[in-house]
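I opened a new model today.

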Amino acid sequence: MSRRTFQTFNPKKNHFNSEVYTCHSEKDANLLLIKSEKAFSLLQKKSNDDIHCLLVAIVDKLESKKIALRNIYIEETGLSIDRFDSEFQRTINQTLLFAEYIISDSYILKQECKNETQNKLLIKKKVGIGPVLIIGASNFPLAYSTIGGDSIAALAGKNPIIVKAHPYHTGTSLLVSKIIIQVLDELKFPEGSFTHLINDNYEFGQFLATHKTIKAIGFTGSFQGGQAFMKYGIDRAQPIPVFSEMGSVNPVVILESFFKEMNHDLPKQIAYAICNDSGQFCTKPGLLFIPKVKGFKTLVTQIKDEILSFENQPMLHPEIQRNFEKKIENLKQVFTNSELTIEKHHKTKQSYYPRKSMLTTEITALKNQSVLHEEVFGPHLTVLLYEDEQELETQLKTLKGQLTFSIYTASVQNETIIDSLTEIGSKMAGRIIFNGLPTGVEVCCSMQHGGPYPSSSDSRFTAVGPHSIERFQRSVTFQNNRI
Ligand code: NAP
């Protein structure tokens, strides 16, 4: 029987790319997963120095293939060279950060804990969790994909990884996979330490997620996808942890006190966060709360003008474009033309350049319109106008779990509102930002990327920064009874 094939898509040029990819079958995966299982025991015996050298060597090889990676990345995503450069650099930096972290005293100290009683010696050690399935998102073909944060975290925990390539950037993923496999071979790491699988349908993802060899899943993507993987993880003979990093509406609040100090560039900065790379970021601000104080109408108009005049950029792939249009259609069903402004049809642009939009309505709409609580992945902003801070607090409390929460306030602020918003934010989000927008996630130990459900499946962990390794480790106590 001939195998399924597929091609990736160039949204800028509006055509399929020439390379044809052949799907792996379940039988192929079964054979490769046997190797992952074998590799697990051998990887556990590797020292932290060995893993450090592996990560550094991967970085060197990635650097040497930068141009080839750039070409295919751009072809498969429609993203710009600048965007490639910054994501590539982030990928390099985060890999090196993990490499240094696992040989640091602070990490090594956390790997073992010892207690002695009169007749017992107890040593608790961190061990790897087992083969980890990695499902990456389309919007970060490098930093949240084949050699993205989840992959490095799982490898740093000495676990074999099984990457299912994202169908819309399979070529980029394949090139990265070849680099990793070459480095593993050169450093004599066990076969099966890294497995790369290609298939463009959901059933294959489900098959992998429910395979007995897989012991944890790192998922980055949409709410629907994250939910599906959480279900796969639990509906197994042996349920496993699934770390689903999904999206959120990342509320941004402007307080009345901030109006007096407002930086004139703020509308431009907001438009950039909404429209850059067509707003395809999990940290894109989705809801902006503006008080009805003197000057608010001017601010709303300025933001709208900046958004509508922002240079159009394509969406990553047809599916994302369809989902974006569906979400805007849902808003159209509920809100009037005077509330929802949509950019005019493009005359000269290709099909995959979305029409940017902004909705301006009363904060009370949050109560009845569930559509406002959902992420709109793409260049859209919803502005919610509020009368007073009590109303603001009441409505903020109705929001679900968020990756981020931003508060714009005067530099000297005595009002108790800051305390109560900070408390609301701490319950609701993983990161609270003062006088800033949520896009641009720093990769460091103090970054918390992940909040209460539904932004993430497990708010106790971060998906960004070296502490994300903890998701792919468990503890074993070795107890020695003295007779
Ligand atoms: P997506 O549609 O959920 O796809 C992600 C991956 O999941 C793809 O490989 C897809 O497989 C697979 N998948 C989705 N649903 C599935 C199902 N029911 N069964 C099996 N596999 C399934 O997400 P995306 O469009 O690539 O990425 C955009 C989303 O990612 C946005 O919502 C964004 O907020 C989120 N994101 C979150 C973070 C974060 O850190 N929280 C970071 C980046 C992006 P197939 O393609 O084979 O269908």
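Before sorting residues I wrote down the classes: Ala, Val, Leu, Ile, Met, Phe, Trp, Tyr, Cys and Pro count as nonpolar. Asp, Glu, Lys and Arg count as charged, and the others, Gly among them, as polar. I also noted that this is a predicted model.

**Entry 1: the largest pocket**

I looked up the volume of the largest pocket. It is about 1400 Å³. I then listed the lining, which has 50 residues. Closest to the centre of this pocket are Tyr 202, Gly 221, Ser 222, Gly 225 and Asn 323.

How do the residues of this lining divide by class? I found 21 nonpolar, 20 polar and 9 charged.

Next I asked which elements each supply at least two residues of the lining. They are helix H8 (202–209), strand S10 (216–220), helix H9 (223–234) and helix H13 (318–334). H13 gives the most, with 7 residues.

I moved on to the second largest pocket. It holds about 550 Å³ of space. Its lining has 20 residues. Arg 83, Ser 86, Asn 276, Phe 281 and Gly 440 are the closest to its centre.

Helix H4 (81–101) and helix H11 (266–275) are the elements that give two or more residues to this lining. The largest share comes from H4, with 5 residues.

I sorted this lining by class as well. It has 8 nonpolar, 6 polar and 6 charged residues. I checked the domains too: domain 1 and domain 2 each provide at least three residues of the lining of the second largest pocket.

**Entry 2: a sheet**

Last, I traced an open sheet of 3 strands. The order is S5-S6-S19, and the pairing is antiparallel.

Which strands stand at the edges? I found strand S5 (112–116) and strand S19 (473–481) there. Each has a single partner strand, so one side of each is left without a neighbour in the sheet. From one strand to the next, the twist averages 15°.

I then followed strand S6 (residues 120–128) and its pairing with S19. The two run antiparallel, and 9 bridges join them.

Conventions
Residues are numbered from 1 along each chain as its sequence is written. This is a predicted model: local features need pLDDT of at least 70, side-chain atom pairs count only at pLDDT 80 or more; totals for chains, interfaces and linings use all residues. Side-chain values use heavy atoms; hydrogens and water are left out. Two strands pair if DSSP finds at least two bridges between them. Helices (H or I, at least four residues) and strands (E, at least two) are DSSP runs, numbered from the N terminus. Axes are lines fitted to C-alpha atoms, for helices over the stretch in contact, and angles run from 0 to 180 degrees between N-to-C directions. On a 1 Å grid over the protein atoms alone, a cavity is a set of points where a 1.4 Å probe fits but cannot get out, and a pocket is an open set with protein on both sides within 12 Å along at least five of seven lines; lining residues have an atom within 4 Å of a point. Grid points are joined across faces, edges and corners, and a volume is the space filled by probe spheres set on the points. Domain bounds come from an automatic or database domain assignment.
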